[in-house]
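Me: I would like to learn how to read a fold, feature by feature. Please take me through this one.

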Amino acid sequence: ADSATRSTLRSAIGTDGLGIISVSDIPGFSEMRRRLLPLAKRLAAQPLEVLARLEDEASQYNVGWSFGRELLDGHVDTRKGSFYANPNMDVPTEDVSLIERYPCYCRPNVWPAPGGDLEELEPAFKELGQLMYQVGMELLDACLMDERVEFNRDTVSDPACSRGRLLCYLPEQPEVVKVTEMSMMTSRMWCGWHTDHGSLTALCPAIYLDDGGREVACPVGRPGGSEGPSSPGLHIRTRSGALVRASIKQDALAF
């Protein structure tokens with residue numbers, strides 16, 4: 001990486017950075033994003049029997065469809081549905097001992113049946129997921145500040161362990177909004193505060209759709225307080241404790 005790139009990386013993920021950086025001008029990315037993300041709404045609207053066939057209990061619901069299987073604020077999370085898959089390989093391993101020991105990562109992918117309403121999901125998920133993975137590898141290469149050391153992908157990432165998550169955030173149900181301000185702020189959060197468990201997370205900017213599937217602008221609420229954010233999107237708690245909403249351009253990937 002050149003000096004300008006190193007400077008950008010240091011400001012983004014260095015001591016005073018937010019721990020996030022965006023990458024733009026990625027060939028094909030915008031088209032792939034628009035092919036895949038609207039399918040999340042179509043997937044979430046499928047009949048229960050269809051969604052049940054896409055679940056994988058043995059993976060602890062880390063493969064295929066997952067809804068109402070996780071906790072948020074100590075309650076069953078019904079605010080979002082997730083579809084998990086490894087975009088790089090359908091069968092990460094055939095080693096039975098590894099599958100039993102690491103079912104969340106080693107179980108094979110589960111896809112909708114071909115010829116159905118969701119047959120576009122598999123190719124769209126794989127093409128965007130693989131692109132995000134490859135750009136991430138290039139970013140890790142740029143993060144290697146010592147030019148005397150050769151970047152070796154095998155030492156930092158195993159394609160068999162990569163995990164893509166397609167999310168569909170569902171409309172807020174009025175009955176779950178509580179009375180107090182703090183509770184209300186928390187109940188409106190689609191995802192709680194967390195630290196990712198991977199070495200590097202690639203984030204694709206969201207697409208907001210109305211009930212008819214038409215794209216709309218991102219809704220904007222009032223600024224978040226110490227209890228939590230009220231506007232959709234990615235929020236970051238800085239090392240000093242400040243709350244920052246990270247705005248990601250639609251044609252860029254964030255890491």
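**Reading the fold**

Reply: Start with a hairpin: β9 and β10 form one, with five residues between them. Gly241, in the turn, has a positive phi of about 100 degrees. This is a predicted model, where local features need pLDDT of at least 70, side-chain atom pairs count only at pLDDT 80 or more, and totals for chains, interfaces and linings use all residues. Residues are numbered from 1 along each chain as its sequence is written, and side-chain values use heavy atoms, with hydrogens and water left out.

Me: In which sense do β9 and β10 pair, and over how many bridges?

Reply: The general idea is that strands of a sheet pair through backbone hydrogen bonds, either parallel or antiparallel. Two strands count as paired if DSSP finds at least two bridges between them. Here β9 (residues 234-237) and β10 (residues 243-246) pair in the antiparallel sense, over four bridges. Ile236 has Val244 as its bridge partner in β10.

Me: How many helices and strands does the chain have?

Reply: Helices (H or I, at least four residues) and strands (E, at least two) are DSSP runs, numbered from the N terminus. The chain has nine helices and eleven strands.

Me: What share of the residues is buried?

Reply: Buried means under 20% relative accessible area, exposed over 50%, and partly exposed in between (1.4 Å probe, protein chains only). Of the 255 residues in the chain, 35% are buried. Accessible areas come from the Shrake-Rupley method with a 1.4 Å probe; for residues, only the protein chains shown count as cover. The chain's accessible surface comes to about 15100 Å². Carbon and sulfur atoms hold 53% of that surface.

Me: At what angle do the axes of α1 and α7 cross?

Reply: Two packed helices are described by the angle between their axes and the distance between the axes. Axes are lines fitted to C-alpha atoms, for helices over the stretch in contact, and angles run from 0 to 180 degrees between N-to-C directions. For α1 (residues 3-13) and α7 (residues 121-143), the axes come within 10 Å and cross at roughly 100 degrees. Angles under 35 degrees count as roughly parallel, over 145 as roughly antiparallel, 65 to 115 as roughly perpendicular and the rest as oblique. So α1 and α7 are roughly perpendicular to each other.

Me: Which residues meet there?

Reply: Contact means heavy atoms within 4.5 Å. From α1 come Thr5, Leu9 and Ile13; they meet Leu139, Ala142 and Cys143 in α7. The residues of this contact divide into five nonpolar, one polar and no charged. In this scheme Ala, Val, Leu, Ile, Met, Phe, Trp, Tyr, Cys and Pro count as nonpolar, Asp, Glu, Lys and Arg as charged, and the others, Gly among them, as polar.

Me: What is the strand order in the open sheet of three strands?

Reply: The order is β2-β5-β6, with antiparallel pairing. β2 (64-67) and β6 (164-169) are the edge strands, each pairing on one side only. Neighbouring strands of this sheet are turned by 20 degrees against each other on average, direction ignored. β5 (residues 80-85) pairs with β6 over six bridges. Gly81 has Cys168 as its bridge partner in β6. Helix α7 packs on the sheet, touching β5 and β6, and its direction makes about 115 degrees with that of β6.

Me: Which side chains of β6 point to the buried face?

Reply: Side chains alternate along β6. Gly164, Leu166 and Cys168 point to one face and are buried. Opposite Arg165 in β6 stands Tyr84.
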